[in-house]
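Thanks for taking a look at this one with me.

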Amino acid sequence: MSLTTAYSESSTARVPGRSWTVRLTGHADHSATVSCSTAACRMPPRSKDLASLRAFAARHAAAHARAATIRPNASCHCRAEQCGAHQDTRVQCAGSVVMILRHDPAVGRVWTAAEVCAGCAPLLPHATVVASAPRPRPTANAAAQTMPRLPAARTTTAVPGGFSSPGTPGAENDAGAVRRPRRGVHGPGRRS
């Protein structure tokens, strides 16, 4: 199975959303053929084994959906089709780009993988979102600008027993200071 779906363009200009259609076509002699909208894909020969052809078509469409690198600058393929798949519900195409895999089990002959917007995806009957476009990574300058500035770290003075306390002005000079003994649990001068 040969799939040519890699995307390497780094432009921010909108590009048309892609779509792949895999179709099972029946013939008068009760055989069928599988075709793909990508001419480079190799399909099995015409056969009367409809179950295996149907399984191949489903796997092939899913492979296109998995192999395609979603382009974050793709426009909605559904919109290019005048939102014909969800005519009863109109939306403003918006949101990130997602890859859907669509198959109507009642028809059972057509599988479609397509780049659509997040607004149309939930409205498409029998469609499953299989991937989302990666969010653009911030550049080093953008990351530095969005990082909150933290206050300067306070110095701490080590206290025996694994605890620490905030440093006080002049604490460094008190290194030789004598510590007072702690009072016992029962009060001063009492022994148990």
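**Notes on the strands and cysteines**

1. Let's start with a hairpin: strands E3 and E4 form it with six residues between them, and glycine 108 in the turn has a positive phi of about 70 degrees. Strands (E, at least two residues) are DSSP runs, numbered from the N terminus.

2. A word on the basis of these notes: this is a predicted model, where local features need pLDDT of at least 70, side-chain atom pairs count only at pLDDT 80 or more, and totals for chains, interfaces and linings use all residues. Residues are numbered from 1 along each chain as its sequence is written, and side-chain values use heavy atoms, with hydrogens and water left out.

3. E3 covers residues 97–103 and E4 residues 110–117. The two pair in the antiparallel sense over seven bridges; strands count as paired if DSSP finds at least two bridges between them. Valine 97 sits opposite cysteine 117 in E4.

4. E3 also runs antiparallel to strand E5 (residues 127–132), joined by five bridges. Here valine 98 has serine 132 of E5 as its bridge partner. Five of the seven residues in E3 are buried, meaning under 20% relative accessible area with a 1.4 Å probe, protein chains only.

5. Cysteine 41 is buried, with a relative accessible area of 9%.

Methods. Buried means under 20% relative accessible area, exposed over 50%, partly exposed in between (1.4 Å probe, protein chains only). Helices (H or I, at least four residues) and strands (E, at least two) are DSSP runs, numbered from the N terminus.
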